[in-house]
Amino acid sequence: MVKLKSASIDRLFEAILGLETTEDCYKFFEDICTIKELQDMAQRLDVAFLLTEGINYQKISQEVNVSTATISRVSKCLNYGSGGYMAAIEKIKDKK
């Protein structure tokens, strides 16, 4: 994360943290991201959810329509990353 840290990225995160509703998020992310970027981020989070549930790569690839390379990258982040996926997943699961 040290490589990414900058005032510009801090400002981006502050903007995201200031969003209060799902509708606010749709408006912001539709403006700041391409549709493909947004879909790709959503797919990676879907992959992370399924990996944490023990679903195998082949089933995830079919269900989420992503390559096994993408699944492998997300798996690597889950296992060796900074814990961002798990923190987000746990918060989402806690709300349900």
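**Questions on a predicted helical chain**

Me: What percentage of the 96 residues of the chain counts as buried?

Reply: Burial is judged by relative accessible area: under 20% is buried, over 50% exposed, and anything in between partly exposed, with a 1.4 Å probe and protein chains only. The structure is a predicted model in which local features need pLDDT of at least 70 and side-chain atom pairs count only at pLDDT 80 or more, while totals for chains, interfaces and linings use all residues. Residues are numbered from 1 along each chain as its sequence is written, and side-chain values use heavy atoms, with hydrogens and water left out. Of the 96 residues, the share that counts as buried is 16%.

Me: Which helix has the highest confidence, and which the lowest?

Reply: Confidence is expressed as pLDDT, the predictor's own score for each residue from 0 to 100. The chain averages 95, and 98% of the residues score at least 70. The highest mean, 98, belongs to helix 4 (residues 57–64), and the lowest, 94, to helix 6 (residues 84–95).

Me: How many helices and how many strands does the chain have?

Reply: Both elements are DSSP runs numbered from the N terminus, a helix being H or I over at least four residues and a strand being E over at least two. Read along the sequence, the pattern is α-α-α-α-α-α. The C-alpha trace spans about 40 × 30 × 30 Å along its principal axes. The secondary structure comes to 6 helices and 0 strands.

Me: Are helix 1 and helix 2 roughly parallel or roughly antiparallel?

Reply: Axes are lines fitted to C-alpha atoms, for helices over the stretch in contact, with angles from 0 to 180 degrees between N-to-C directions. Under 35 degrees counts as roughly parallel, over 145 as roughly antiparallel, 65 to 115 as roughly perpendicular, and the rest as oblique. The axes of helix 1 (residues 7–17) and helix 2 (residues 22–32) come within 10 Å and cross at roughly 150°. Helix 1 and helix 2 are therefore roughly antiparallel.

Me: How many nonpolar residues are in the contact of helix 1 with helix 2?

Reply: Contact means heavy atoms within 4.5 Å. Helix 1 supplies Leu-12, Ala-15 and Ile-16, and helix 2 supplies Phe-28, Phe-29 and Ile-32. Ala, Val, Leu, Ile, Met, Phe, Trp, Tyr, Cys and Pro count as nonpolar, Asp, Glu, Lys and Arg as charged, and the others, Gly among them, as polar. The contact has no polar and no charged residues, and its nonpolar residues number 6.

Me: How many charged residues are in the contact of helix 3 with helix 4?

Reply: Helix 3 (residues 35–52) and helix 4 pack at an angle of about 145°, with their axes 10 Å apart. The contact is made by Gln-43, Asp-46, Val-47, Leu-50 and Leu-51 of helix 3 and by Tyr-57, Ile-60, Glu-63 and Val-64 of helix 4. By class, it has 6 nonpolar residues and 1 polar residue, while the charged residues number 2.

Me: Is Glu-63 buried or exposed?

Reply: Glu-63 is found in helix 4. Because its relative accessibility is 51%, Glu-63 counts as exposed.

Me: What is the orientation of helix 4 and helix 5 to each other?

Reply: The axes of helix 4 and helix 5 (residues 68–80) come within 9 Å and cross at roughly 115°. Tyr-57, Ile-60 and Ser-61 in helix 4 meet Thr-68, Ile-71, Ser-72 and Ser-75 in helix 5. This contact has 3 nonpolar, 4 polar and no charged residues. The two helices are therefore roughly perpendicular.

Me: Is Ser-75 buried or exposed?

Reply: Ser-75 is found in helix 5. Not counting residues up to four places away in sequence, Ser-75 touches Leu-51 and Tyr-57. Because its relative accessibility is 14%, Ser-75 counts as buried.
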